[in-house]
Amino acid sequence: MRKLITLSVSCMAIFLLLSFSFHKSKHVVKFLDCLNTEQLKKVSLPFDDTSRTSWHFLPSTMYPREGITLKELNKDQEAVFFKMLTHFLSESGYNKTTKIIDLENVLVELGGDPKFRDAKAYYIAIYGNPREDKIWAWSFEGHHVSLNFTVKDHKISASPRFFGSNPAIVKEGSRKGERTLHREEKLAYLLMMSLSDEQKKEVIFRDTAYPDIVTSNSTTVTPLEPVGIKATKLNDEQKVKLKAILYQYLRDLPDKLAQARESKIHNEEFNDILFAWAGSAKKGEPHYYRIQGKTFLIELDNTQNNANHIHCVWRDFDGDFGRDIIREHYKNSKHHSNN
């Protein structure tokens, strides 16, 4: 009976993915169709271009990128692009992305260099031809945002997925009190507060927080040291809190994709998930946490600017930049060529 239920969940996940990605390419094609010849040359890159798997969360002046920037688009073209983005993110994921970009304007208001804090210095790059290729990809990246999508037929990979916020809480100026990425922190604090003293001894593996996410901007990641507490050692209420953190990261994606991934994690690897913490568990002090499963890793740190500067990332050990679906694509292509 258990095998039958698992099979049903897997079939449902596949159906949701098929349904989700069925018409995604047309929105990218629509964006390409509104660009002029020179813009098309800048935004269009070969699928195997090395920049496809090169990423960072630094400002554009510190890390050169390929593609076309928002500042090179006119108003109508920019509107078409952001409409395209809404089809690859949920409403909350889209709002989070635009809010993070707008924090560059907050930093300018607070005295930052307008050239360094440029809300238009975000790059769009499209790898391969979504009109005719069976596999293609695209990315949107700049300071504190890195979104990477790989599309094969009716499957979509959406990692690495990075968000950052500086400031995490706006403490002065016209937007005083505004918060970004606060739920990713709040939900983790709620889990920490629910732990017993014995559980905390297992969860807190370092007294000092890492200065940044451990995996940084690595092209590939493998499982980190297995530290922290296993989900099996949490009570039912604590498990619900852990699941809430997981879904907070997944809910940046469209509902069907998020739900399919959530079901797969809960049915195939939830009991093996590790939750670990470094640094202070007191709000407002430098801290870091990670959630690690068999197939994925979440990291969050808030240490810079007196613990008012958040970085968080979702990585897939086998699926970053669509490696799993690319491998499947070439395996099947080879199979068909031998028949």
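A charge is said to sit over a ring if NZ of Lys or CZ of Arg is within 6 Å of the ring centre and within 35 degrees of the ring normal. In this predicted model, the charged end of K243 is placed over the ring of F270, 5.0 Å from its centre. A further case is R52, whose charged end sits over the ring of F47 at 4.3 Å from the ring centre.

In the pair formed by Y210 and Y288, the ring centres are 4.8 Å apart and the planes stand at 80°, so the pair is edge-to-face. Y210 belongs to the loop between strand 8 (204-206) and strand 9 (229-230), while Y288 is part of strand 11 (residues 287-292), so the contact ties together parts that are 78 residues apart in sequence. Y210 counts as buried because its relative accessibility, 18%, falls under 20%. Y288 is buried as well, at 0% relative accessibility.

The pair of F296 and W314 is stacked, with 4.9 Å from centre to centre and 10° between the planes. Since F296 lies in strand 12 (residues 296-302) and W314 in strand 13 (residues 310-316), this pair ties together parts that are 18 residues apart in sequence. F296 is buried, with a relative accessible area of 0%, and W314 counts as buried at 1% relative accessibility.

Elsewhere, ring pairs join residues into a cluster, whose members are F31, F81, F82, F88, Y94, Y122, W138, F140 and F149.

Definitions and conventions. Residues numbered from 1 in each chain as written. Predicted model: local features only at pLDDT ≥ 70, side-chain atom pairs only at ≥ 80, totals over all residues. Heavy atoms only, no water. Phe/Tyr/Trp six-rings, centres within 6.5 Å; stacked < 30°, edge-to-face > 60°. Helix = DSSP H or I, 4+ residues; strand = E, 2+ residues; numbered from the N terminus. Buried < 20%, exposed > 50% of the residue type's maximum accessible area, 1.4 Å probe, protein only.
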